[in-house]
Amino acid sequence: MKAAWLGFAFLALAAGPALALDPGTAGGAYDREGVKLAFTHAVALAQDNAEGALDHPNQLRVLLSDREVPPQALEGLIFPPVRALARAGEVRGLLLEFDPADRTSLQVTVLAKPDDPDAFLPNISLSNSEGLWKRLEVSANRAAGDYPREGDGDGLAFSFSAPVFTNPVVADLKGPAAASSEQVRVLIARAEAVGRGDLASVLAVTARPAQETLRKLPPGALKAASSQAPAMIKALKTAKRVVVRRDTAAVLTADGSWASLVLEDGAWKIAD
């Protein structure tokens, strides 16, 4: 499935209240291919996959970082905002993604600013039919784990105890309700601005972190994209589904593409 639509930039970091949970802690290190990381903080997000875009019916994202990061940085369908923070050098650490019910598989994204700004963040896929974890305990509001198992030595070792946050679904709109939603109207407004080559109007409906990336687009990029605007608008006017969460929203179009939005200062802004 396509993870983003008109993907100019990364997801936005939404402001939101934090629950009164004990702070997360982490220890350990990553040392591979010239990248060395150490961890002191941990935070987790439980995902329910209502949109159907994830590989598991339930997923846990755990961030091990060198500084405190708000849980909203883990929100989003595929590419959470913490990845953009890492690219900007604003956080270093590891992003763990796994099904809490499956202890045999683990995805790890290395969060370190790449030398090449266009390079992908390294991703490590770990699997072991006998189980990866030395210890893993997950409840509704806390996750704790130790990796690796005894005897393993792959340059990766960590422990954590993290509060688990959620970003619950507040509305699931389909058919005409989806097509006429506020989120779709915002997306159409940006597509129309792209068609006009109106960067100021594009920026006005784009989340702040993504705005900086838009400003750095090479000359002529917006004009080149303008020819795609009519098709974008047509697809959005027949949007199939809008999943609205507390802090974020996702719009599904007929071709199977998702567009992501985030609440910023009380208004929906486009996050990708």
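**Salt bridges across the chain**

R208, E264, D265 and K269 are linked in a network of salt bridges, a salt bridge being a side-chain nitrogen of Lys or Arg within 4 Å of a carboxyl oxygen of Asp or Glu. Keep in mind that this is a predicted model, where local features need pLDDT of at least 70 and side-chain atom pairs count only at pLDDT 80 or more, while totals for chains, interfaces and linings use all residues. Residues are numbered from 1 along each chain as its sequence is written, and side-chain values use heavy atoms, with hydrogens and water left out.

Let's look inside that network. D265 and R208 meet through their side chains at 2.7 Å, N to O. This pair ties together distant parts of the chain, 57 residues apart: D265 sits in the loop between β14 (258-264) and β15 (267-270), and R208 in helix α5 (residues 208-215). Helices (H or I, at least four residues) and strands (E, at least two) are DSSP runs, numbered from the N terminus. D265 is exposed at 68% relative accessibility, whereas R208 is partly exposed at 46%. Here buried means under 20% relative accessible area, exposed over 50%, and partly exposed in between (1.4 Å probe, protein chains only).

E97 belongs to strand β5 (residues 93-98) and R61 to strand β4 (residues 59-65), 36 residues apart. E97 has a relative accessible area of 15%, and R61 comes in at 0%.

Elsewhere, R196 and D198 form a salt bridge at 3.4 Å, N to O. R196 is exposed at 53%, while D198 is partly exposed at 24%. Over the whole structure, the search finds 13 salt bridges.
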